[in-house]
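Please read each point against the coordinates shown here.

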Amino acid sequence: MLKFIKHNIIILGFSCCITGFMLTLVFGGKQTSSVSERRKLATFPSLSVESLQDQSFMEDLEAYFLDHFPLRDGLRRIKAYFAYDVLGQLENNDIYMVNGYAGKLEYPLNETSVTRAAEKMQAIKEQYFPEGEVYYAIVPDKNYLLAEQNGYPSIDYDRLETRMQEQLKDMTYIDIWDTLSIEDYYTTDTHWRQECLEETVVRIGEKMGFSQYLTNDYERQEIAEFYGVYYGQSALPLSSEPLYYLTNETTQAATQWSLETNKTQPIHISEEEAGFDKYNIFLSGAQALQRIESPLAKTENRLIVFRDSFGSSIVPLFLEAYKEIILIDTRYISSALLGDYVDFEAKNTQVLFLYNTLLLNNSSMLK
Amino acid sequence: MLFSSITFLYFFLPTVFILYGIASIKQDITWRNLVLWVMSCLFYAWGEPVYLFLMLAQILVVYGLTYLMEKKRESVAGKVCFALSVLIPFASLFYFKYTGFFMNTLTSWLPWPESWVKYAKGITLPIGISFYTFQLTSYCIDVWRGRVKLQKNLLSLMTYVALFPQLIAGPIVRYSDIDRELSKRKTTKEDVAEGIVRFSIGLGKKVLIANVLGEFVAEVVAPEVRGLALSWGYAAAVSLQIYFDFSGYSDMAIGLGRMFGFHFPENFHYPFISGSLTEFWRRWHMTLGGWFRDYVYIPMGGNRVKKVRWFFNLLTVWFLTGLWHGAGWNFIIWGLFFAFFLIIEKEFGKRAEGKRSLIGRMLGHVYVLLAILISFLIFHAENMEIALRDIKAMLPGASLDRAQLENASFMLRNRFGILLIAVIGSTPLPALLWKRVFAWLQKDVVEEIAKAVGVIVILLLSTAYLIDGSFNPFLYFRF
């Protein structure tokens with residue numbers, strides 16, 4: 001027995017492993033995208049003298065192999081378990097889990113970035129609506145509700161809030177932090193749940209003077225299986241959860257127009273159109289500049305919202321109160337160009353800056 | 001090409017195996033050497049397509065010069081050929097590795113034209129040049145000294161220098177180490193199996209330990225906000241990362257060599273358990289230490305000279321050792337740092353030898369570990385200013401606010417597991433435990449199966465890490 005096994009089993013095991021994976025990698029089926037990682041997978045690189053000389057062929061080929069490796073998701077899962085359970089890491093790829101909620105580490109506070117964001121907001125105000133009625137609210141990211149309480153590091157949120165208030169003295173601050181709890185966020189995603197934002201919307205409405213127009217008469221529409229962005233990053237077998245979006249006559253009558261696509265469509269797009277990220281059903285996801293028209297609004301008022309992705313799900317809940325809402329995401333359009341597209345001087349216009357803490361802590365992307 | 005890449009593990013390696021197996025059908029070793037040489041060139045060209053020709057040109061030059069040198073051994077021409085065969089590879093090494101450094105250093109005394117400085121900055125370092133230069137020159141010197149016979153077969157010489165397992169990050173295999181195996185070798189099943197096991201251990205050391213420690217090292221915050229515990233953890237992680245990275249590569253190289261019937265010299269032997277720095281250097285990068293001993297230190301007279309000259313010899317060797325590792329002052333200071341302690345050890349250590357109590361021996365280990373931690377902070381830092389900040393952070397005195405303390409505590413807790421594994425893994429304990437367990441079981445079959453399972457588990461886990469992340473630089477490639 002030993003004579004038969006000795007050395008052969010090692011040679012056989014190793015050889016089968018490397019040749020087996022090689023053959024599967026060469027002849028196995030290839031996918032064009034990864035649903036769990038929400039991205040397109042690398043394509044086979046083109047071979048040329050230039051790509052060989054600058055070694056881009058070699059680098060791209062390795063990337064192609066990594067993307068199309070057999071059992072890729074399974075192997076990533078094994079790595080995640082190894083990191084958590086064998087190495088005793090408290091995170092894997094910066095993702096940590098607390099009571100079924102996935103969070104992504106973000107620390108420490110980058111005061112320079114927060115200052116930069118505030119200066120950017122102030123500069124926009126001074127350029128386009130120096131005398132305007134301007135509000136701002138800060139959306140806490142999940143770490144605010146998950147990290148410190150469970151022994152994970154987080155940014156100093158008090159300091160962030162104070163820093164913003166110190167710098168934005170001529171804007172009205174709307175404190176929404178106490179209106180949110182961890183249950184108001186998706187378990188596997190960064191974002192908040194639209195169906196849980198009633199208290200937050202009322203708080204903003206009270207401060208901006210439109211709470212009397214708000215309604216809670218909505219019908220819940222469901223997308224049964226929603227996997228958030230942390231699902232792919234964690235590589236763990238996290239459960240899906242339903243994604244609800246709220247509709248009523250007002251939201252159904254409303255339309256959105258986007259500068260990038262020059263298309264007018266309903267404010268909730270279809271699951272297919274949303275693509276990898278089902279959260280995109282809210283106002284088509286990331287867009288530089290959008291105009292929402294709400295013909296059934298109870299006022300003729302107008303709102304300009306400078307926002308990030310959190311704005312996509314909360315703004316549809318303002319539609320009872322505003323005839324027109326302009327959404328601007330300065331991550332995708334330079335603030336210097338806004339005057340060409342937006343009328344900031346129209347009557348009955350209010351302005352709201354709505355940014356989440358992750359963006360404020362990484363504000364270099366604001367143009 | 002990296003050993004720890006999908007391209008190498010799942011394409012290059014099986015292809016070499018298959019081609020080598022086919023070549024082995026023929027009794028003539030030329031075919032096997034040809035396969036290894038061609039594949040080694042492909043391996044090198046994958047990472048350095050242009051510099052492949054530089055390496056091949058240097059081999060050809062050395063081949064020609066050593067041939068002439070042997071023919072005209074007694075004449076001046078022979079001596080000239082010998083001198084050139086050593087000088088040309090070193091000149092090439094100097095040009096590619098040190099031109100920029102020396103021009104920068106001497107700028108304050110010699111005002112070079114701006115265009116020269118710009119040109120020097122544009123020179124890129126060919127991968128593995130420090131290793132193959134040392135191999136080539138050791139061959140020339142050994143032939144000149146008559147220690148080895150001239151290799152008349154160009155293919156054998158090219159296979160020796162370009163052999164992919166040891167081409168780009170060592171160990172520094174001397175020609176005499178594999179002279180016989182280049183012309184006559186038999187690859188047994190035991191060689192292949194043991195080679196696979198050794199390669200897998202190296203792969204695991206690199207991907208599962210060194211890379212994870214590397215992530216920790218990269219994520220640690222600035223020295224001023226680290227606090228005491230994290231600063232020490234960082235220093236330990238830096239030393240362990242360098243050890244696992246380099247010894248992992250050496251294990252993979254030795255294992256690969258074994259799979260093709262070569263027996264490369266060992267390069268590491270649990271250096272962190274050393275009781276003195278002299279012992280540390282007998283266990284760390286042994287092939288480099290041996291090279292400097294045999295080709296620099298002893299020809300300079302070694303320790304059989306007057307004390308002042310001996311100090312000079314030691315300082316020269318360690319200055320060169322530092323410089324070999326990198327064209328930067330921190331590397332030179334790193335080398336001289338060891339020279340300082342080695343001189344003290346050699347001067348005062350001998351008197352204490354044999355008289356050391358248990359506490360004395362323990363203090364010896366503490367001193368070695370402390371010196372190693374500091375030395376590798378110097379080695380790892382981009383410059384001396386950063387190194388000194390890292391070292392200063394290990395002293396008490398820095399005051400951190402609550403958030404900084406919490407962050408530092410988290411970083412340490414998060415990576416405590418890998419640090420513990422690395423510390424234990426750097427000692428002979430795991431190997432000892434393995435031996436004891438299977439000696440107690442007295443089941444060779446179980447041990448063989450356990451080895452096979454271990455190999456597959458390491459391979460799969462390493463693949464999983466490669467797929468999930470991209471943190472995979474080999475530290476010693478820059479040398």
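1. The largest cavity is lined by Gly103(A), Lys104(A), Asp141(A), Lys142(A), Asn143(A), Tyr230(A) and Leu358(A), where a cavity is a set of points on a 1 Å grid over the protein atoms alone at which a 1.4 Å probe fits but cannot get out, and lining residues have an atom within 4 Å of a point. About 40 Å³ of space lies in this cavity, a volume being the space filled by probe spheres set on the points, with grid points joined across faces, edges and corners. The search of the whole structure finds one cavity of 30 Å³ or more. Its lining divides into two nonpolar, two polar and three charged residues (Ala, Val, Leu, Ile, Met, Phe, Trp, Tyr, Cys and Pro count as nonpolar, Asp, Glu, Lys and Arg as charged, and the others, Gly among them, as polar).

2. The model is predicted, so that local features need pLDDT of at least 70 and side-chain atom pairs count only at pLDDT 80 or more, while totals for chains, interfaces and linings use all residues. Residues are numbered from 1 along each chain as its sequence is written, chains are lettered from A and ligands numbered from 1 in the order in which they are written, and side-chain values use heavy atoms, with hydrogens and water left out.

3. The largest pocket (an open set with protein on both sides within 12 Å along at least five of seven lines) has a volume of about 1600 Å³. Of its 45 lining residues, the closest to its centre are Ile201(B), Lys205(B), Tyr270(B), Pro430(B) and Ala431(B). Helix 10 of chain B gives the largest share of the lining, nine residues, and helix 5 (72-86) of chain A is among the helices that each supply at least two. By class, the lining has 26 nonpolar, 10 polar and nine charged residues.

4. Helix 4 (residues 76-106) of chain B deserves a look. Helices (H or I, at least four residues) and strands (E, at least two) are DSSP runs, numbered from the N terminus. A straight helix of 31 residues would span 45 Å at 1.5 Å a residue, whereas helix 4 of chain B spans only 35 Å between its end C-alpha atoms (the expected span is 1.5 Å times one less than the number of residues). A kink of about 65° is centred on Tyr98(B) in this helix, the bend being the angle between axes fitted to the seven residues ending there and the seven starting there.

5. In chain A, the peptide bond from Tyr107(A) to Pro108(A) is cis, with omega near -10°, and Pro108(A) lies in the loop between strand 4 (101-104) and helix 6 (111-128).
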